[in-house]
Amino acid sequence: MAEPEIQQLLGVGLIEKDTNGDALWVWCYPSTTAEMRDLLLRKCCLTDENKLLHTFVFGQYRRSWFYITTVEVQDSSVLKKVTHFSIVLTAKDFNPEKYAAFTRILCRIYLKHGSPVKMMESYIAVLTKGICQSEENGSFLSKDFDARKAYLAGSIKDIVSQFGMETVILFTALMLKKRIVVYHPRIEVIQEFTRTLPALVWHRQDWSILHSYVHLNDDELEALKTCTGYIAGFIDSKVSNRLDLYDVYVNLADSEITISRQAKEAMTMGKLHKEIGQLIVQAAEDPDKSDSQVIKDISLKTKEILTNLASFTEVSDDGEKPTLNFEALKQKRYPPATENFLYHLAAAEQMLKI
């Protein structure tokens with residue numbers, strides 16, 4: 001019996017750039033939609049005007065993850081008219097390291113044989129058995145790449161060293177399921193930064209909010225707008241003018257975080273935020289603490305906040321989710337910003353009576 005985690009793969013595709021400079025979708029297995037093909041051609045750096053080679057990019061579109069590895073073809077005996085090619089994998093799970101490793105092997109196979117058939121054999125082996133082995137192209141074992149490892153791969157410490165106390169703005173936006181847009185001209189920088197953010201709300205372990213590589217394209221923005229809260233990465237600075245897309249705008253290039261006008265009220269900072277901010281900074285600046293320990297510290301503080309919030313909820317008779325008793329919260333006479341945050345958190349956690 002194949003193990004359940006293996007069924008995450010959705011498809012494999014091949015894009016080639018020929019000596020005329022045209023990038024074409026050459027092959028895929030199983031079939032894919034025209035919409036997905038267009039998206040992947042857009043993401044793959046071979047269609048890019050500026051000719052920059054990005055060895056590996058990843059992102060998400062409508063709950064499918066895509067992973068693209070691109071290589072330059074050096075005087076190959078089998079790939080005569082091809083200057084570069086990209087191998088594309090689509091999958092249901094977030095695991096950049098896993099799929100980077102697998103696409104690298106598929107690239108080696110294609111460079112050697114120049115035919116998709118051999119790639120397909122390896123793809124099917126991984127799909128059915130979770131493993132592909134070969135002497136010369138390297139081995140790949142799906143089990144080696146645990147989802148938790150992927151969640152912890154980024155560095156919270158790096159984020160805190162860049163933003164300091166302002167990291168609490170990101171924490172608050174994530175807790176309240178707000179829309180965060182991140183801009184930087186280099187896709188690698190965006191991917192590293194955005195993939196780490198969901199760890200600030202570790203109790204949810206939800207990486208489906210991550211859209212690490214979005215273009216200002218109608219289909220993509222339409223898809224993005226169907227999500228309640230998200231983290232979306234853009235390499236186009238024009239995104240800063242798209243006030244309809246974000247509550248919090250992070251300009252990574254200038255290390256600036258801006259809260260949009262419509263989110264100001266929900267995101268009002270007070271004593272509680274200062275406390276959380278200090279906790280985050282202290283943990284991150286401790287040289288003896290690893291990134292995962294920092295995440296754990298933040299997570300414990302989050303649990304404390306959620307436990308506190310739960311004490312103001314009532315369970316109705318019909319066994320529905322607990323709902324917030326606003327009067328009980330008011331009676332605590334918290335500072336306005338704390339009460340405001342707890343109220344909006346209850347809304348984000350669907351604890352308000354409709």
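Lys 98 forms a salt bridge with Asp 93, and their closest N and O atoms are 3.0 Å apart. A salt bridge here is a side-chain nitrogen of Lys or Arg within 4 Å of a carboxyl oxygen of Asp or Glu. Lys 98 counts as buried because its relative accessibility is 3%, and Asp 93 is buried too, with a relative accessible area of 15%. The classes are buried for under 20% relative accessible area, exposed for over 50%, and partly exposed in between, using a 1.4 Å probe and protein chains only.

A word on the model: it is predicted, so local features need pLDDT of at least 70 and side-chain atom pairs count only at pLDDT 80 or more, while totals for chains, interfaces and linings use all residues. Residues are numbered from 1 along each chain as its sequence is written, and side-chain values use heavy atoms, with hydrogens and water left out.

**Salt bridges**

By this rule the count comes to 13 salt bridges. Three of them are listed here.

| Pair | N to O distance |
|---|---|
| Lys 98 and Asp 93 | 3.0 Å |
| Glu 275 and Lys 301 | 3.1 Å |
| Glu 304 and Lys 301 | 3.0 Å |

Glu 275 lies in helix H9 and Lys 301 in helix H10 (residues 291-310), so their pair ties together parts that are 26 residues apart in sequence. Glu 304 and Lys 301 are three residues apart in H10, which means that about one helical turn separates them. Lys 301 is buried at 11% relative accessibility, whereas Glu 275 is partly exposed at 35% and Glu 304 is partly exposed at 48%. Elsewhere, a network of salt bridges links Arg 42, Lys 43 and Glu 220.

Helix H9 (residues 271-285) also holds Gly 277, which is buried at 1% relative accessibility. Leaving aside residues up to four places away in sequence, Gly 277 touches Met 165 and Val 168; contact means heavy atoms within 4.5 Å.

**The sheet and its helices**

Helices (H or I, at least four residues) and strands (E, at least two) are DSSP runs, numbered from the N terminus. Five strands form an open sheet in the order S2-S1-S5-S4-S3, with antiparallel pairing; two strands pair if DSSP finds at least two bridges between them. S2 and strand S3 (56-61) stand at the edges with a single partner strand each, so one side of each has no neighbour in the sheet. From one strand to the next, the twist averages 20°. Strand S4 (residues 64-72) pairs with S5 over eight bridges in the antiparallel sense, and Val 71 has Phe 85 in S5 as its bridge partner.

H2 packs on the sheet, touching S1, S3, S4 and S5, and its direction makes about 140° with that of S5. H3 packs there as well, touching S1, S2 and S5, at about 160° to the direction of S1. For these angles, axes are lines fitted to C-alpha atoms, for helices over the stretch in contact, and angles run from 0 to 180 degrees between N-to-C directions.

**A closer look at H3**

The buried residues of H3 are Pro 116, Met 119, Ser 122, Tyr 123, Ala 125 and Val 126. Their cover includes helix H2 (96-113) and strand S6 (131-132). At the start of H3, a side-chain oxygen of Ser 115 comes to within 3.1 Å of the backbone nitrogen of Val 117. Just after the helix H3, Gly 130 has a positive phi of about 80°.

Note on methods. Polar contact = N/O pair within 3.5 Å; in protein donor to acceptor, adjacent residues only side chain to side chain.
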